[in-house]
Amino acid sequence: MASRFKLVFAVSLLPLLLDFGRGSIVGVCYGRNADDLPTPDKVAQLVQLHNIKYLRIYDSNIQVLKAFANTRVELMVGVPNSDLLAFSQFQSNADSWLKNSILPYYPATKITYITVGLEVTENPDNASALVVPAMQNVLTALKKVGLHKRIKVSSTQSLGVLSRSFPPSAGAFNSSHAFFLKPMLEFLAENQSPFMIDLYPYYAYRDSPNNVSLDYALFESSLEVIDPNTGLLYTNMFDAQIDALYFALMELNFRTIRIMVTETGWPSKGSPKEKAATPDNAQTYNTNLIRHVINDSGTPSKPGEELDVYIFSLFNENRKPGLESERNWGLFYPDKTSVYKLDFTGKGAVDKTNSANGSNSNGTTWCIASSKASEPDLQNAITWACGPGNVDCSAIQPSQPCFEPDNLVSHASFAFNSYYQQNGASDVACSFGGNGVKVDKDPSKSIILCGI
């Protein structure tokens, strides 16, 4: 593998993550799936050094809770999926956990959220049915000691809870999760707790680079994707994904539940196939994310709405399984030096240190349907691209993510561009009998290419 990219901080130690009164906040996730991390007390020193005020941890590790006593750092504490069965079965288990794992360290250690379960729909054992009973028992335990208004209870989900996210106004929850989602949403609404979501535009780009602009994923796009149902304009994928959740909640008449992003980020290194996992892109995404959040920009459907966000993650974690990128999401190396320069205030321009950044789509060009093409010619071209051309056109079928807008030009542009990118972005790959047009500007402003 390439040698580890390392930079010493070249900027003054300004606050990395700031608390702007009652506005939106940015925190960091402190995962510990590694065998070379600093001790919790050293981590607490690092966090305080960079004025990080909000931290998410994934269990109630005693050493971590002790280390953050009297630091004024606010913790989000997790109940692992492995504990859901015990917590859901007996109230006494939740009571004992609170008594033994939380109360001895509170309030010296500030704890503001307890997350019950982690992306349960992505877990092979799928413990979804256990989540709400476990949440209820944790809440009851908190009520017994009078802390239910100081410590909020929720559960973190992946974007996989949605069956549809494009266009954002058509956002809808997956009906297969309804049996636990509906009671969970009722719980959140009743107790004024946030809907917690882990969002990763990186994965959307990595898994569909032919249809997703890298600039759009990195908050760098100067062009706009139009929601055909609302006319709302989107310049980044993060906002579009958040709004898809808002619309999904509104569809079920949950209009008062606020959204909290409990994980998002960008890896600085990946396997050979993960070309967008670079220090430059990670730096760009996180800097732009911080700026977007602390400015209380909101989203197109919720302008000015406060949105709390947690960046994943504090450290690179060398024991995480999967592709190389899984072990390279950190802001810091285990020796506490930075992985890349970061605009700590969220107010300045991105200060890139090399040219490793990826490019839009294939680099500079896309292939779209000609506005002069006849409907029969476009239909024949789509049939060929989705058949002998070996393009996967399932996304433009009815009820699928890229079916809307339902017209031949949009469907043909999807098929043409997919074929074009798959075949080396050559001139001949954009012919389609003269019905394809190669363009060097992102066409999302004039033709809605599915990109969510």
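Which residues is Phe-68 in contact with, leaving aside its neighbours within four places in sequence? The points below answer this and then turn to the wider fold.

1. Basis of the note. The model is predicted: local features need pLDDT of at least 70 and side-chain atom pairs count only at pLDDT 80 or more, while totals for chains, interfaces and linings use all residues. Residues are numbered from 1 along each chain as its sequence is written, and side-chain values use heavy atoms, with hydrogens and water left out.

2. Surroundings of Phe-68. Beyond the neighbours within four places in sequence, Phe-68 is in contact (heavy atoms within 4.5 Å) with Tyr-30, Val-43, Ala-44, Val-47, Leu-55, Val-73, Leu-75, Ala-108 and Thr-109. Phe-68 counts as buried because its relative accessibility is 0%; buried means under 20% relative accessible area, exposed over 50% and partly exposed in between, with a 1.4 Å probe and protein chains only. The residue sits in the loop joining helix H2 (62–67) to strand E3 (74–79). Between Phe-68 and Gln-45, the C-alpha to C-alpha distance is 9.0 Å, with 23 residues separating them in sequence.

3. The chain as a whole. The protein chain holds 12 helices and 16 strands; these are DSSP runs numbered from the N terminus, helices being H or I of at least four residues and strands E of at least two. Of its 452 residues, 55% are buried. Among contacts between residues at least 6 apart in sequence, 73% join residues at least 24 apart.

4. The barrel. Eight strands form a closed barrel with parallel pairing, in the order E1-E2-E3-E4-E5-E8-E11-E14. Neighbouring strands of this sheet are turned by 25° against each other on average, direction ignored. Two strands pair if DSSP finds at least two bridges between them; E4 (residues 110–118) and E5 (residues 152–158) do so in the parallel sense over 4 bridges. Helix H5 (residues 128–144) packs on the sheet and touches E4 and E5, its direction making about 155° with that of E5. Such angles run from 0 to 180 degrees between N-to-C directions, and axes are lines fitted to C-alpha atoms, for helices over the stretch in contact.

5. Helices H11 and H12. The axes of H11 (residues 375–386) and H12 (residues 408–422) come within 9 Å and cross at roughly 40°. Residues making the contact include Leu-378, Ile-382 and Trp-384 of H11, and Ala-412, Phe-416 and Tyr-419 of H12.
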